[in-house]
Amino acid sequence: MSKIYRVPALDTNYIWIIQPDTAHDHVWIIDPGESEPVLRLLAQLNLKPVALLITHHHKDHTGGIAGILDTYNVPVYGPESERIPQITHYLHDGDSFHIEHLAVDVMATPGHTLDSHSYLVHADAGPNWLFCGDALFSGGCGRVFEGTAAQGLASLRRLTVLDDSTLLYCGHEYTRQNLIFARHVEPDNEMAGQRLDNIDRQIATEGASLPSSIGLEKQINPYLRLHSATLQRSIEHHFGEKISDEVALFAHLRRWKDHF
Ligand SMILES: [Fe+2]
């Protein structure tokens, strides 16, 4: 049986650790934004890292690589990006690799950064897992820093064709503030309102709002709901212009959130 550990790091980051088989001590570490909490957990639970896996170059996802490599000499898998000098195994869109017996598909999801990758892990029982860094959040998506709005939207669309059951392990606990914006822009979305109403209780009892799922996000996440007439009207009203296509709606919605 496999297991996923959640390690809170920095202010809002989550470092995810996959133990492919709980009968063995091998683990893979995803996006170590800092090393100390990871090293502490490994020591506490007697786990042995065999590789690191990186979604994009931002420091809050890579800042702990060096500190982990100081203690453990392991390979680092990730995008071919000169901004992550420690990568030893380059991954490209469409590649597949294995985390022990678990098959993983690599999806390039540019937008937040140009080197953004999402990783779909085929779980051996139950729903698959998506580790998407800052491409998609629960209730939101990463700010479009480097790619174009068209790239960002295309990346999100690739993720939304995954099975609804796919569990979403993103890089930050941003759900509450994302949902406050979601309710503002699509006030008649009862599912989004309910998730917001329940979010504090969920975080208090479960420690986090994650994982979410692709199916849930399609119902609550405004960036995946550009077809909503209410949402379109909100965006057009806010910017005072008629907006005819979904890329422009996405770009305006993301810009609105940047200043919300
Ligand atoms: Fe981040």
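## Helix α6: checking the length

How far should the 17 residues of helix α6 span, and how far apart are its end C-alpha atoms? In this predicted model, α6 covers residues 190-206. At 1.5 Å a residue, those 17 residues should span 24 Å, and the end C-alpha atoms are 23 Å apart, which agrees.

Let's start where the helix starts. There, a side-chain oxygen of Asn189 reaches to within 3.1 Å of the backbone nitrogen of Met191. After the helix comes Gly207, with a positive phi near 90°.

Now for what's tucked away. The buried residues of α6 are Ala192, Gly193, Arg195, Leu196, Ile199 and Gln202. Their cover includes helix α5 (175-185), strand β14 and helix α7 (214-220). Here's a handy bit of background: an α-helix has 3.6 residues a turn, so residues three or four places apart point the same way.

## The sheet

Strand β14 also turns up in an open sheet of six strands, ordered β7-β8-β9-β10-β13-β14, with mixed pairing. β7 (96-99) and β14 (212-213) stand at the edges with a single partner strand each, so one side of each has no neighbour in the sheet.

Take a look at the β7 end. β7 and β8 (residues 102-108) run antiparallel and are joined by four bridges. Across this pair, Ser96 stands opposite Asp105 in β8.

## A helix across the strands

Helix α4 (residues 149-160) lies across β8, β9 (117-121) and β10 (129-131). It runs at about 155° to β8.

Notes:
Residues are numbered from 1 along each chain as its sequence is written. This is a predicted model: local features need pLDDT of at least 70, side-chain atom pairs count only at pLDDT 80 or more; totals for chains, interfaces and linings use all residues. Side-chain values use heavy atoms; hydrogens and water are left out. Two strands pair if DSSP finds at least two bridges between them. Helices (H or I, at least four residues) and strands (E, at least two) are DSSP runs, numbered from the N terminus. Contact means heavy atoms within 4.5 Å. Axes are lines fitted to C-alpha atoms, for helices over the stretch in contact, and angles run from 0 to 180 degrees between N-to-C directions. The expected span of a helix is 1.5 Å times one less than its number of residues. Buried means under 20% relative accessible area, exposed over 50%, partly exposed in between (1.4 Å probe, protein chains only). A polar contact is a pair of N or O atoms within 3.5 Å; within protein, one must be able to donate a hydrogen and the other to accept it, and residues adjacent in sequence count only if both atoms are side-chain atoms.
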